[in-house]
Amino acid sequence: MTNLKNLRGMVDLLPAQSYGWQKVESIALEHFSRAGLQEIRTPIIEQTELFSRSIGENTDVVGKEMYTFDDRGGRSCTLRPEGTASVARSIVQHGLLNNGPQRLWYRGPMFRYERPQAGRQRQFHQIGVEFVGLASVMSDAEVISIAWNFLKDIGLNDLNLEINSLGSNEDRNIFKEELKNWLNQRFDLLDEDSQKRINVNPLRILDSKNNSIKELLFEAPSLNDFLSNESKTRFDYLQKLLDNLNIPYKINNNLVRGLDYYSHTAFEITSEHLGSQATVCGGGRYDGLISELGGAQAPSIGWAIGMERLMILAADKILQSKSPDVYVIHKGEKAEQLALEITCKLRSSNLKIELDYSGSSFSKQFKRADKSRAKWALVIGEDEASKGQLLIKNLRYKQKDEESNEYIFSKEDLDQLIKKLIA
């Protein structure tokens with residue numbers, strides 16, 4: 001048989017890694033709950049038109065990176081490359097805005113065909129937040145603060161927040177023409193990607209990772225100079241709100257993000273420990289997306305965090321998989337039956353119990369118990385089973401002022417046993 005392996009860029013999440021993911025997700029859920037967010041789950045496959053309309057035909061995501069195929073009905077389908085478009089589609093389809101503004105969060109796999117590297121896979125995972133139907137600058141600051149505080153709570157203290165204003169559609173259209181003229185005058189100095197983008201998506205050139213292009217852009221027109229008074233006032237107020245929240249930030253006039261639906265506020269939280277792919281969290285305002293998909297005008301803002309990149313940063317901050325509280329050792333048919341019964345009862349008391357299935361000698365089971373790093377071993381042999389007794393042994397240390405680290409309890413007296421185990 002052929003030696004089957006996972007596809008390139010599709011990575012297994014093994015049990016040794018899963019605990020860290022669960023820990024990070026539980027912290028995120030705690031923050032979302034405190035902020036009054038509700039979860040939304042959308043399919044991983046959508047009509048291709050959803051992404052071409054919302055993300056933009058001329059973006060790299062739509063043009064180069066999507067997993068697109070025709071299904072048996074001849075419909076063009078795409079594995080979702082990001083979460084916002086699917087959330088927006090669901091909101092419009094189900095009329096969720098009829099119940100007022102929506103404060104939502106999501107998580108799940110996304111798919112992009114790009115070169116796999118550290119923290120960047122072809123199947124990757126995001127956790128994200130969307131505030132839909134909220135125009136206030138306060139919502140911009142609150143969304144940023146949720147991401148910032150969540151990342152800080154994980155233990156990431158060396159992050160940088162960069163913000164920019166993309167202005168209104170009118171602001172950007174005027175700026176695009178000016179930028180195109182400026183770039184065309186320096187066409188021969190541009191790399192191939194930038195030359196292709198001049199007439200289709202010139203703003204993306206501002207986000208180039210090519211150092212020579214970065215240097216050239218120091219003299220380029222700035223979007224900030226083309227913002228209307230209304231857009232400038234809005235951006236100034238966002239800075240004031242962030243100052244009041246003691247969230248440090250840097251203004252990056254070349255920060256445009258990669259998707260067409262953004263307007264006004266754009267932001268990224270970055271880390272110097274991720275190399276060229278430095279973005280941990282990215283997002284911004286998308287006031288026209290809901291109406292573009294057939295809904296009412298609904299100003300909105302959101303962000304997404306890539307879990308793979310986040311776990312690279314959080315690896316030494318998150319505890320390793322938690323050891324069991326009790327490792328259950330048993331030998332003999334009656335002992336086996338009692339061991340399973342007691343295991344289930346102890347688990348119902350919120351204790352983490354690992355049950356040995358090997359049937360091997362007590363000495364081998366004790367070695368596995370010690371390797372598990374459990375604090376207690378619960379031992380049931382045929383003698384204990386016939387007497388209805390449970391013997392527990394402290395595997396880590398002897399209790400102070402006590403001569404023994406072994407204790408015997410009746411199986412009918414589980415309350416006393418539990419008190420001892422959690423003491």
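**Exercise 1.** Determine whether Cys281 is buried or exposed, and do likewise for Cys77.

*Solution.* Cys281 has a relative accessible area of 0%, so it is buried (buried means under 20% relative accessible area, exposed over 50%, partly exposed in between, with a 1.4 Å probe and protein chains only). Next, Cys77 has a relative accessible area of 11% and is buried. The model is predicted: local features need pLDDT of at least 70, side-chain atom pairs count only at pLDDT 80 or more, and totals for chains, interfaces and linings use all residues. Residues are numbered from 1 along each chain as its sequence is written, and side-chain values use heavy atoms, leaving out hydrogens and water.

**Exercise 2.** Count the disulfides.

*Solution.* The criterion is a pair of cysteine sulfur atoms within 2.5 Å. Applying it gives zero disulfides.

**Exercise 3.** Describe the surroundings and pairing of strand β5.

*Solution.* Strands are DSSP runs of E with at least two residues, and helices are runs of H or I with at least four, numbered from the N terminus. Strand β5 covers residues 102-111; seven of its 10 residues are buried, so the rest of the structure largely encloses β5. Pairing requires at least two DSSP bridges between two strands. Strand β1 (residues 38-39) runs parallel to β5, with two bridges; here Glu39 lies opposite Trp105. Strand β6 (residues 123-132) runs antiparallel to β5, with 10 bridges, and Gln102 has Val132 of β6 as its bridge partner.

**Exercise 4.** Find the elements with the lowest and highest mean pLDDT.

*Solution.* pLDDT is the predictor's confidence in each residue, from 0 to 100. The chain average is 89, and 95% of the residues score at least 70.
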